[in-house]
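Welcome to this short briefing on a protein structure. Take a look at the model, then read on by topic.

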Amino acid sequence: MKKLLELKNISMKYQTLTDEITAIDNLSLECGEGEFLSIIGPSGCGKTTVLSIIAGLIQPTSGEVLIEGKPMGKNSEELGYMLQKDQLFPWRTIEKNIFLPLEIKKINDLAHKNYALSLLKKYGLYEFRKNYPDQLSGGMRQRAALIRTLASSPKLLLLDEPFSALDYQTRLSVCDDVYGIIKAESKTAVLVTHDISEAISMSDIIVVLSDRPSKVKSVHKPIISGNSPLRKRESPDFSIWFEKIWKELNG
Amino acid sequence: MKKDNKLSAEHLRYIKNIKRETCIVWILRISILLFLLGLWELLARTGVIDPFITSYPTKIIVTIKNLFVENNLVYHMTITLYETILGFLIAVGLGYAIALALWWSERARRILEPYIVVLNSLPKIALGPIIIVWCGSGSKAIIFMAVLIGIIVAIITMLNGFLATDKNKIFLLRSMGASKFQILLKLVIPGSLPTFISMLKISVGMAWIGSIMGEYLVSRAGLGYLIVYGGQVFKLDLVMAATVVLCILATLMYALVAMLEKLIIKYKN
């Protein structure tokens, strides 16, 4: 399998007037094309910082990020970022919201717009394209946010706890939904979460981080029967993996 | 709701109740006004209060009519309106631009913060004599005063609106590779539209304060001039009449801004 993303010996120090904080210490990981990688760790361990570094929004103190073996430019065209809340702009229609990355990247020509609209059609939001975000349910909004992320055809998706703002019921179904769409579009994804079951049910690779300064504690490749996160949650292997990772996080 | 003609009895009762409530509020509002005006008229006419000092409603109406016919009320209104509107537009436009610049540069913001604080707390009226010396005693000085009073509040309100932009949304745009200018255009400006509208509303009031204050200080025309002049020669009818006209104009201008707000909301949906 081709390596899509590599982090090599990433370290990150924060400066404050009184202190120097090592947030990340010599972190390396890699993710193959089409794989779903989860980064899990105790809260405040710098998981989001790792994503920001991958996105090129923060420069690491040392180390490098490679995408397809090449060091990444600052504003990479290759990735799409999805945040905790949907962050749809309330003054834009759903359609205008998903065109946003095209406008920003100055590729809002007909072909790209049609591709974005085809995603809306494929994932059942086409009839809501002229609606405003507050007219949609939480699950639909999150799906719209994912389609916005996919609209500029990124190779790599970065998901920063994208389900944490949803209630439990919605969360399970949106998780399934998002997983399905990512696999259907055969995208590579890096998910940051503190939810163990979410990580196990969605991922091909799970990277467990230690408390600050974050290091890679262990890397797992759980193989669980079932073709969707919900199905996987029902598998007997699921609880075995849950216990294993739970112990690691708390041990 | 409009499409569905078959409303239940409870719903109809509910709507009726709300309409009745609104009706009552309006009736009481107008009653209070009429009662106060009537009382004023009565007390003045029966000599309980001195009409020379207090004037009274019918006299005020007659004075307004006479002002229209004899003393060019329209001329005075035009002067004051011109000063107020121009002061308002300059304060809003310049204030918005300065707030943008301060949003853009954090360093400029930090450097200028104490200046803004001082200018904000300074009673601008204290600068009156300086303004007269610099701008003379015409409309220019009055507009300058209106701008001075309005602009600081406009800057502070707008800057706070810009700075309140959701950090996560900025982060999202940056992750798409947005430049600062794109963040401004796609997020900060449209996102601060509600702040802009409330800034307009505040600025209308400020512009009136500025222009009337200015006219108190220096002027040979305008509603503020009529009020001051009336006070000096003890013509309380004139003072009251000019104040009533001022009230009406200020309310109209505020209503205009409120209409603009509705228009913008309608356009958005």
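In this predicted model, helix α4(A) is largely enclosed by the rest of the structure, because 10 of its 13 residues are buried. Buried means under 20% relative accessible area, exposed over 50%, and partly exposed in between, with a 1.4 Å probe and protein chains only.

**Helix α4 of chain A**
- Helix α4(A) covers residues 138-150 and reaches 18 Å from its first C-alpha to its last, close to the 18 Å expected at 1.5 Å a residue; that expected span is 1.5 Å times one less than the number of residues.
- Helices (H or I, at least four residues) and strands (E, at least two) are DSSP runs, numbered from the N terminus.
- Its buried residues include G139(A), M140(A), L146(A) and I147(A).
- Among the elements covering those buried residues are α2 (94-104) and α5 (168-184) of chain A, together with α8 (167-175) of chain B; contact here means heavy atoms within 4.5 Å.

**Nonpolar cores**
- What is a nonpolar core? It is a set of buried Ala, Val, Leu, Ile, Met, Phe, Trp, Tyr and Cys residues joined through side-chain atoms within 4.5 Å.
- The largest core has 85 residues, and those with the most contacts inside it are L5(A), L7(A), L156(A), L158(A) and L173(B).
- Helix α12 (residues 236-268) of chain B gives the largest share of this core, 10 residues.
- Another core, of 35 residues, lies apart from it and includes I107(A) and I147(A).

**Strands of chain A**
- Strands β1 (residues 3-15) and β2 (residues 20-32) of chain A pair in the antiparallel sense over 9 bridges; two strands pair if DSSP finds at least two bridges between them.
- A hairpin of 4 residues joins β1(A) to β2(A), and M12(A) stands opposite I24(A) in β2(A).
- β1(A) also runs antiparallel to β4(A) (residues 62-67), with 5 bridges; E6(A) has L66(A) in β4(A) as its bridge partner.

**Where the chains meet**
- Chain A brings 20 residues to the contact and chain B brings 18 residues.
- About 1900 Å² is buried between the two chains, with carbon and sulfur atoms giving 66%; buried area is the accessible area (1.4 Å probe) that two parts lose on being put together, summed over both.
- In chain A, L57(A), W91(A) and I104(A) lose the most area to chain B, together 36% of what that side buries.

**Reading notes**
- Residues are numbered from 1 along each chain as its sequence is written, and chains are lettered from A and ligands numbered from 1 in the order in which they are written.
- Local features need pLDDT of at least 70, side-chain atom pairs count only at pLDDT 80 or more, and totals for chains, interfaces and linings use all residues, while side-chain values use heavy atoms, leaving out hydrogens and water.
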